[in-house]
Amino acid sequence: MKRYDATLQDSSTAAQTKNSVNKLHDSVSQALSHPNEQTIAQAKNSLEHAEEAVRVADRSLSDQGVEFAEQILDDEKTRLAALDKQASPRNR
């Protein structure tokens with residue numbers, strides 16, 4: 001299981017951001033392995049929470065920590081987009 005711990009510092013804001021991106025990763029992984037309405041909705045909800053955590057972190061953390069968290073968000077958005085493509089009706 002991939003965890004994002006290395007770059008984010010251990011302040012309260014950083015810890016919350018780290019927890020949010022880890023929960024996002026777990027939710028997206030769950031949705032990818034068991035795609036259904038509930039797991040996809042949970043992953044999208046986790047994405048919203050992680051995005052808010054990164055916005056808060058952007059105001060108080062170092063640029064390196066925020067850039068790292070933003071990269072994680074981008075990676076997870078890409079993974080989640082793959083689910084949306086799978087769930088969409090196929091073009092005929």
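Let's start with helices H1 and H2, residues 12-33 and 37-60: their axes come within 8 Å and cross at roughly 160°. That angle makes H1 roughly antiparallel to H2. On the terms here, axes are lines fitted to C-alpha atoms, for helices over the stretch in contact, with angles running from 0 to 180 degrees between N-to-C directions. Angles over 145 degrees count as roughly antiparallel, under 35 as roughly parallel, 65 to 115 as roughly perpendicular, and the rest as oblique. Helices are DSSP runs of H or I with at least four residues, strands are runs of E with at least two, and both are numbered from the N terminus.

The crossing of H1 and H2 is left-handed, meaning that the near helix is turned anticlockwise from the far one by less than a right angle, while clockwise would be right-handed. Sorted by class, the contact of H1 with H2 has 12 nonpolar, 11 polar and one charged residues. Nonpolar here covers Ala, Val, Leu, Ile, Met, Phe, Trp, Tyr, Cys and Pro; charged covers Asp, Glu, Lys and Arg; the others, Gly among them, are polar.

A quick word on where this comes from. Please keep in mind that this is a predicted model, where local features need pLDDT of at least 70 and side-chain atom pairs count only at pLDDT 80 or more, while totals for chains, interfaces and linings use all residues. Residues are numbered from 1 along each chain as its sequence is written, and side-chain values use heavy atoms, leaving out hydrogens and water.

Stepping back to the whole chain, we have three helices and zero strands, running α-α-α from the N terminus on. Of the 92 residues, 34% count as buried, which is to say under 20% relative accessible area, with exposed over 50% and partly exposed in between, using a 1.4 Å probe and protein chains only. Among contacts with a separation of 6 or more, 60% come from residues 24 or more positions apart; contact means heavy atoms within 4.5 Å.

Now, some residues along H2. Which residues does Thr-39 touch, leaving aside its neighbours within four places in sequence? Its partners are Ser-27, Gln-30, Ala-31 and His-34. Thr-39 sits in H2 and is buried, at 7% relative accessible area.

Ala-53 is also found in H2, and it is buried too, with a relative accessible area of 11%. Not counting residues up to four places away in sequence, Ala-53 touches Gln-16, Thr-17 and Ser-20. From Ala-53 to Val-66 it is 13 residues in sequence and 10.0 Å in space, C-alpha to C-alpha.

And Lys-44, buried or partly exposed? Lys-44, found in H2, is partly exposed, with a relative accessible area of 36%. Beyond its neighbours within four places in sequence, Lys-44 is in contact with Leu-80 and Asp-84. Lys-44 and Ala-31 lie 13 residues apart in sequence, with 9.7 Å between their C-alpha atoms.

Last stop, the loop between H1 and H2, where you will find Asn-36. Asn-36 counts as partly exposed, at 37% relative accessibility. Asn-36 and Leu-83 are 47 residues apart in sequence and 9.5 Å apart in space, C-alpha to C-alpha. Thanks, everyone!
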